[in-house]
Every structure is written in structure tokens, then in C-alpha cells.
Amino acid sequence: MKKILILFGGNSYEHEISCKSAKTIINHIDKKKYQVEIVGIDLKNDWYILNDKEKLNNNWKESNITKIDNIPKYLKQFDKVFPIIHGNPLENGNLQGLFNLFNISYVGSDLLGSIISYDKELTKIICNHYHIPQIPYITIHRKNKLKKIDLDFPVIVKPAKCGSSIGINIANNIKELNKNIQEAFNYDDKVIIEKYIKARELECAVLEDKKLKVSPIGEIKTENNFYDYDSKYIKESKLIIPANLEDNLIKEIKNLSLKIFNILSLKGLARIDFLYDYHNHKLYFNEVNTMPGFTNISMYPLLFNNKGISTKELITKLIENWQ
């Protein structure tokens, strides 16, 4: 029986979402096939074994836990680690670098794919080289003052390195723009400003099995102007699976998803997000998530559930995809 470690938490604004994702995986993992242990990383980046697997929730630090002093030695006893961790500072390649250094096998993209994909500017630069359609944007750094932008309002302001749509706002004028930039700088020292386009938000999941598999296309409908953090986890947003799209658009999204997965050197799994400008019939690549959520409302597992792959089977495929 293979020993599998489920790793969650971290010093991130997405700590709570990581807890929920880990709970889903624990509830669905094939316990007849795998011996499972759970480790949580707290907000100080200390690592703890959860001795009571039923106590996995936002207050897990109050349960029966054991602190890990020698982390590499502890990790080496497992056949594979499933790091269901979202956001800084551990989804951006830091954790993958640790695993690589000590020859630990793990689920998901490696160091290179994680670094590239977590930095939205790097992702855009590489995808632009391969002629992937993207919305016009500019990048500004904290040390540089914004004098003007060559984009018409409204625009979307977002941190270059942050997940779950945190720190993202729409600006309709220069005053709002400066305010939103300062908020985005709370999360990263680099900010991306994009032209805001009224569009349908579409998502495609990719799974590396014996060969790459793409899911049906899902659509997100929200009452907000875009799919922000509140829309994802607080307010009710409607997930439509499969999305009502023309066959040629479905084919284009799936082909682009596979192409993006390959050119960004991704491994294991990814969710590729698109925006469809339905007024002008134009499709744009938005961003990629190398470790998408596994909560009960997360698009990634739901998309493959619609394809006939259960969450239990999906987890098994991810674990058996040995790096």
C-alpha cells in the first residue's frame, strides 16, 4: 500500500480554501489503495501532523497535532505528496523547489511550470510569443510611478502574483485606478492592468493521464462584474457544465488549453481560464491555475465529474501519474 501525504494550509490569503480542498481529497481518496497522512502548514509556516483526520477544518491547530522538526526526513517516507496548497508563498514554485531538492515525488507541475504560471506577466509574455490571443495589458512595478496608460477605461487591476482573484478591482477613471493599484500592491510588487471586456467566463480542465485529457467547458455566471473572491467563495455564482457553446468555440478552447499546458511546461493538472467577448466573437486566454481548488464548488473536479470521472478516480489518476 502506497503512503500518500496530503499537504495543506500555508501562510496565504487562501489558507481557508486549502483546508476545504484538502478535506474533499481526504473524503474521496481511495483508502483501500493508499495509506494517508495529513500535514497542515500554519500561518507561521510551521508544519504539523494532524493525528485526528476528522478535525480538518479552519481550526485544525486546536486539534491533536504534532509539530514536524525535520521536514525533509519526514517527507522522504512517502511515495507521493499531494500539495493541495493555494496562493503565496507555496504555490509559486517554493514548495516544488523543496521537493526537488530532496527527491520527493509530488502531484502537480514542477518548479519551472509553477514559477511561470504563478506570475501572470511571465505567463502573458510566453503565451504572446506563441500567438495565444490575450487582452491588451500593461505592467507596472511598485518603484515606478504611473504617469499614463494606453488603455481606455474601464480597466481591471490585479496583482501579478496572487490567486483566487484576490486584490482584483475594476477602475472606471484615474482616481479609481490609483486606488486599485495601491490595493493590488498589498499583495505583490508588480501589478497588471488590463482592458476590461464584458465577456463570458469559461474554464477548461486538463488532466495528465496516460495522455493529456481535456474536460468539457464550464461557464461561470456571477452577479458581480467579474469572478472575484466573493463570487467564488461567499456569494452564489452559477456554474454551468457543460457551457452552452458552439462546436467550433468548444474545439478552439480545448485546442488552446492543450497548447497552453504544453508551452508552459505544466504537469499533472491545470485549469485554463478564458474570456469570450460575445459581442465581437473573440476568445481570449485569461490565466492558468496549476493547483486548482478541490472544494465542493470547485470547477476542476466538477468538470471531470461531468466527463464521467469521479472525484475518487480523479485523485487516483493524479497520484498514479508518477513524476
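Reader: Is Lys317 buried or exposed, and what is its relative accessible area?

Author: Lys317 is buried, because its relative accessible area is 18%, and buried means under 20% relative accessible area, exposed means over 50%, and partly exposed lies in between (1.4 Å probe, protein chains only). This is a predicted model, in which local features need pLDDT of at least 70, side-chain atom pairs count only at pLDDT 80 or more, and totals for chains, interfaces and linings use all residues. Residues are numbered from 1 along each chain as its sequence is written, and side-chain values use heavy atoms, with hydrogens and water left out.

Reader: Which residue forms a salt bridge with Lys317?

Author: A salt bridge is a side-chain nitrogen of Lys or Arg within 4 Å of a carboxyl oxygen of Asp or Glu. Lys317 forms one with Glu313, where the closest N and O atoms are 3.9 Å apart. Both belong to helix H10 (residues 311-320), and because they are four residues apart, about one helical turn separates them; helices (H or I, at least four residues) and strands (E, at least two) are DSSP runs, numbered from the N terminus. Glu313 counts as partly exposed, because its relative accessibility is 34%. Salt bridges that share partners join Asp209, Lys213, Glu313 and Lys317 into one network.

Reader: How many salt bridges does the structure hold, and which residue does Lys124 pair with?

Author: The structure holds 16 salt bridges. In one of them, Lys124 pairs with Glu194, the closest N and O atoms being 2.5 Å apart. Lys124 lies in helix H5 and Glu194 in strand E9 (residues 190-195), so this pair ties together parts that are 70 residues apart in sequence. Both Lys124 and Glu194 are buried.

Reader: Where do Lys161 and Asp188 lie?

Author: Lys161 is in the loop between strand E7 (155-159) and strand E8 (169-171), while Asp188 is in the loop between helix H6 (174-184) and E9, so that the pair links distant parts of the chain, 27 residues apart. Their salt bridge has its closest N and O atoms 3.1 Å apart. Lys161, at 22% relative accessibility, counts as partly exposed, whereas Asp188, at 8%, counts as buried.

Reader: At what angle do the axes of helix H4 and helix H5 cross?

Author: Two packed helices are described by the angle between their axes and the distance between the axes. Axes are lines fitted to C-alpha atoms, for helices over the stretch in contact, and angles run from 0 to 180 degrees between N-to-C directions. The axes of H4 (residues 111-118) and H5 (residues 120-129) come within 5 Å and cross at roughly 100 degrees. That makes H4 roughly perpendicular to H5, since angles under 35 degrees count as roughly parallel, over 145 as roughly antiparallel, 65 to 115 as roughly perpendicular and the rest as oblique. Ile115, Ile116, Ser117 and Tyr118 of H4 make the contact with Lys120, Leu122, Thr123 and Ile126 of H5, where contact means heavy atoms within 4.5 Å.

Reader: In which sense do strand E10 and strand E14 pair?

Author: Two strands pair if DSSP finds at least two bridges between them. E10 and E14 (residues 269-277) pair in the antiparallel sense over eight bridges, and Cys204 stands opposite Ile272 in E14. Three bridges also join E10 to strand E11 (residues 212-214), again antiparallel, and these two strands form a hairpin with three residues between them. Strand E10 (residues 200-208) is mostly covered, with seven of its nine residues buried.
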